[in-house]
Amino acid sequence: MLLLAATLRGCVTYEFDQEFWLKTDGSGSFTVTAPLWVWNAVKNVGQATDLDATVNEETVGAVFQDAAILKPRVKKTTQNGHPCITVSGDFTNVNSLVGTRAFPDLVIALQPESDHVRLFGVWRRPAFSGTGQGDESGLMAVRFHIPSEIQAHRNASNGIERGNILSWQQDLRGGIAGAPIDFGATIGTRRLLSATLGPLGLAFVFGVGSIAMAVALFQLGRRGPKRRRGHPPGAGGPTADDSNFLNYDPGAK
């Protein structure tokens, strides 16, 4: 626990954040958070000339009404003092998100290959997006929570975070100007929990065995060496009769 606490990075706030929680079968969930002007400039929601009236929970939620997206949930939030809209939802196949109105800026592919799975894709601002403008000084990111062992990744911004998170980030200004984010990773096929239960189980058995052995040695130390039967402590050595006890005759006088 101390090691984990020491290695956790500080939380980063992104102006524009697309976060995905993947499962080994390709299903999962997502969360997208962006200020109003980014919803227009990237996702082409509303009118750039009247963001407050045309970019809202209803208009943003409408683009997530797609057969590939399950249970979309939309709420208005505030970030760094600016109004934002956050959308979350589920999907049965992350590959099916490509080409939807909700993700015109993302190409995502999850592809099985022998004993591992490849995740790769690119984020790029679409050419047909809106012209909304706002504060471009923050960061944007595409993030993935990986369900199994991360064997390799393609230049994730902070490496492997917290054991199973990969993030690719860049300046929002660069993203709006057209700079792409190229992402990729090679991951295992077993669930992260299943992959760790084996080593954890062995460690648990070893720990319990070590404790049991220590307790047994402690108890043995407390008892001390066994004493010979027949003479309590301080009774002295054997008597003459005792030396011939095997031939004792109870009728003798």
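# Sheets and salt bridges: a quick chat

Q: Which strand pairs with β6, in what sense, and over how many bridges?
A: Strand β11 (residues 181-188) does. β6 and β11 pair in the antiparallel sense over 8 bridges. Keep in mind that this is a predicted model.

Q: Where does Val122 land in that pairing, and what is its bridge partner in β11?
A: The bridge partner of Val122 in β11 is Asp182.

Q: What sheet do β6 and β11 belong to, and in which order do the strands run?
A: An open sheet of 4 strands, in the order β5-β6-β11-β8. The pairing is antiparallel.

Q: Which are the edge strands there?
A: β5 (106-113) and β8 (150-153). Each of these pairs on one side only.

Q: And how much twist from one strand to the next?
A: The twist averages 15° from strand to strand.

Q: What holds paired strands together in general?
A: Strands of a sheet pair through backbone hydrogen bonds, either parallel or antiparallel.

Q: Zooming out now. How many helices and strands in the protein chain?
A: The secondary structure comes to 7 helices and 11 strands.

Q: How many residues, and what share is buried?
A: The chain has 253 residues, and 36% of them count as buried.

Q: What share of the contacts comes from residues 24 or more positions apart?
A: Among contacts with a separation of 6 or more, those residues account for 62%.

Q: Back to sheets. What is the strand order in the sheet of 7 strands?
A: The order is β3-β4-β2-β1-β7-β10-β9. That sheet is open too, and its pairing is mixed. The edge strands are β3 and β9 (160-161), and each pairs on one side only.

Q: Is strand β2 in there largely enclosed or open, and why?
A: Largely enclosed by the rest of the structure, because 7 of its 8 residues (28-35) are buried. Buried here means under 20% relative accessible area.

Q: What does β2 pair with on the β1 side?
A: Strand β1 (residues 16-22) pairs with β2 in the antiparallel sense, over 6 bridges.

Q: Switching to charges. How many salt bridges are there?
A: The count comes to 7 salt bridges.

Q: Which residue does Asp90 meet in a salt bridge?
A: Arg73, at 4.0 Å from N to O. Arg73 lies in strand β3 (residues 70-79) and Asp90 in strand β4 (residues 82-91), so the pair ties together parts 17 residues apart in sequence.

Q: How exposed are Arg73 and Asp90?
A: Arg73 is partly exposed, with a relative accessible area of 38%. Asp90 is partly exposed as well, at 22%.

Q: What does Glu113 meet in a salt bridge?
A: Arg118, with 3.6 Å from N to O. Glu113 is partly exposed, with a relative accessible area of 23%. Arg118 is partly exposed at 27%.

Q: What about Glu136, which side chain does it meet?
A: Glu136 meets Arg173 in a salt bridge, 3.8 Å from N to O. The pair links distant parts of the chain, 37 residues apart.

Q: Where do those two sit?
A: Glu136 is in the loop between β6 (116-123) and β7 (139-145). Arg173 is in helix α5 (residues 172-177).

Q: And what are their relative accessible areas?
A: Glu136 has 22%, partly exposed. Arg173 has 49%, partly exposed as well.

How values were computed: Residues numbered from 1 in each chain as written. Predicted model: local features only at pLDDT ≥ 70, side-chain atom pairs only at ≥ 80, totals over all residues. Heavy atoms only, no water. Buried < 20%, exposed > 50% of the residue type's maximum accessible area, 1.4 Å probe, protein only. Pairing = 2+ DSSP bridges. Axes fitted to C-alpha atoms, helices over the stretch in contact; angles between N-to-C directions. Contact = heavy atoms within 4.5 Å.
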